[in-house]
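Trainee: Can we go through this model together? I would like to learn how to read the inside of a fold.
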Amino acid sequence: MKRVKKLQEKGFSILEAKNAANTHFVENEREVDQFLIFANSHFRQFVDIYDYCITTTGRHLLIKIKNSSTIISAYETIQLRRNKTARFQNVNLILSNQVRMLRLRMTRWTNKNRGRKGNASIQVFRKYILDTLEEGLEHIQNVRNQGINLEQPLKKYQSLADNYEIKDIDQVKQKMSSKNRVGKRSSFLKCLRLGDYVTTHLEKWIKATLEMHSMGDESAFVMRV
C-alpha cells in the first residue's frame, strides 16, 4: 500500500488510526456501535464505507469517495443549516474536517462514559491507497477476518490488557467484524456497502485511484504490510 497525503474524489482509499500509548479505542460492543453511529453521521454524505476493521487499539476503514460536486454541495448545505460559512472548496480539506470532527466526537463520548480526559488517538487518520488487485484482495480478506494489526509496534507503548472491559478479545472480534454486522447497517450505518464489489468493481477502482493520485503529482511512500 502507499501512504498518501491527500484524498481524491472517487478514489478507493483506506483510513487508519491507532491509539496513543497504553490506551484503547473500544472497550465493549456498545462502543463499537457508537463509533459506527458517529461514522455514519459524519461520512454518509461524502463517502461509502465498504469494509472496516475495528479493534481495541484502532480502526481501519475502506472507503469509496463520492465525486467532488456531491461532496462540496453536501458540505455547503450542512454549513448553511448551521448558519456557518463554507470555508472549504476542496475535497481533501472537507473530508479531513469530517474526520477531525468524528475523532473529537468519539473522544468526548468515550471520555464522558469512562470518566477520563485527554485524547486516546495518536493521530487523526493516515491515508493509504492500494497498488494492485492482488494486494487489494489479500488486504480486504485481512480486514474481514480482523487481521489488521493496529497495535503500537513498541511494547512499552502497547495498550494494557487490564484496561479492557472485554476479557475475551478473540470472541468480541467477531462482533466487531463488518461481515457480522450487516443486519445493523439499516439502523445506524446507512453508508455501509457490504457487497460483491471485490469481483465487480475493485480492479477498476484501484486503477482509477492510482491514476488520480498520479495526476495530482503527490509524493507518497510505501507501507510494507
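This is a predicted model: local features need pLDDT of at least 70, side-chain atom pairs count only at pLDDT 80 or more; totals for chains, interfaces and linings use all residues.

Trainee: How many cavities of 30 Å³ or more does a search of the whole structure find?

Mentor: A probe the size of a water molecule shows where empty space is left. Here the search covers the whole structure and keeps cavities of 30 Å³ or more. The count is two.

Trainee: What is the volume of the second largest cavity, and how many nonpolar residues line it?

Mentor: Start with the lining: Leu 7, Leu 15, Phe 43, Val 47, Ile 63, Leu 95 and Val 99. Sorted by class, it has no polar and no charged residues. The volume is about 40 Å³, and the nonpolar count is seven.

Trainee: Is Phe 125 buried or exposed?

Mentor: Phe 125 sits in the loop between α3 (91-114) and β5 (126-129). Its relative accessibility is 11%. The cut-off for burial is under 20%. Because of that 11%, Phe 125 counts as buried.

Trainee: Which residues does Phe 125 touch, not counting those up to four places away in sequence?

Mentor: Look along the chain first. Glu 16 is 109 residues apart from Phe 125, and their C-alpha atoms are separated by 5.2 Å. Glu 16 is among the contacts.

Trainee: The charged end of Arg 59 sits over which rings?

Mentor: Take each distance to a ring centre in turn. One is 4.2 Å, to the ring of Phe 25. Another is 5.9 Å, to the ring of Phe 125. The rings are those of Phe 25 and Phe 125.

Trainee: How many aromatic pairs are there?

Mentor: A pair of aromatic rings is described by the distance of the centres and the angle of the planes. For a pair to count, the centres must lie within 6.5 Å. By this rule the count is eight.

Trainee: Are the rings of Tyr 50 and Trp 205 stacked or edge-to-face?

Mentor: Their centres are 5.0 Å apart and their planes are at 65°. An angle over 60 degrees counts as edge-to-face. So the pair is edge-to-face.

Trainee: Are the rings of Tyr 197 and Trp 205 stacked or edge-to-face?

Mentor: Tyr 197 and Trp 205 are both buried. Their ring centres are 5.9 Å apart, and the planes are at 20°. Because planes under 30 degrees apart count this way, the pair is stacked.

Trainee: Which residues do ring pairs link into a cluster with Trp 205?

Mentor: Tyr 50 pairs with Trp 205, and Tyr 197 pairs with Trp 205. Phe 12 also belongs to the cluster. With Trp 205, the cluster holds Phe 12, Tyr 50 and Tyr 197.

Trainee: What is the phi of Lys 10, and what is that of Asn 83?

Mentor: Lys 10 is in the loop between β1 (2-4) and β2 (12-18) and counts as partly exposed at 43% relative accessibility. Asn 83 is in the loop between α2 (68-81) and α3 and counts as exposed at 74%. Neither is a glycine, yet each has a positive phi. The values are about 65° for Lys 10 and near 60° for Asn 83.

Notes. Residues are numbered from 1 along each chain as its sequence is written. Side-chain values use heavy atoms; hydrogens and water are left out. On a 1 Å grid over the protein atoms alone, a cavity is a set of points where a 1.4 Å probe fits but cannot get out, and a pocket is an open set with protein on both sides within 12 Å along at least five of seven lines; lining residues have an atom within 4 Å of a point. Grid points are joined across faces, edges and corners, and a volume is the space filled by probe spheres set on the points. Ala, Val, Leu, Ile, Met, Phe, Trp, Tyr, Cys and Pro count as nonpolar, Asp, Glu, Lys and Arg as charged, and the others, Gly among them, as polar. Helices (H or I, at least four residues) and strands (E, at least two) are DSSP runs, numbered from the N terminus. Buried means under 20% relative accessible area, exposed over 50%, partly exposed in between (1.4 Å probe, protein chains only). Contact means heavy atoms within 4.5 Å. Rings of Phe, Tyr and Trp (its six-membered ring) pair if their centres lie within 6.5 Å; planes under 30 degrees apart count as stacked, over 60 as edge-to-face and the rest as tilted. A charge sits over a ring if NZ of Lys or CZ of Arg is within 6 Å of the ring centre and within 35 degrees of the ring normal.
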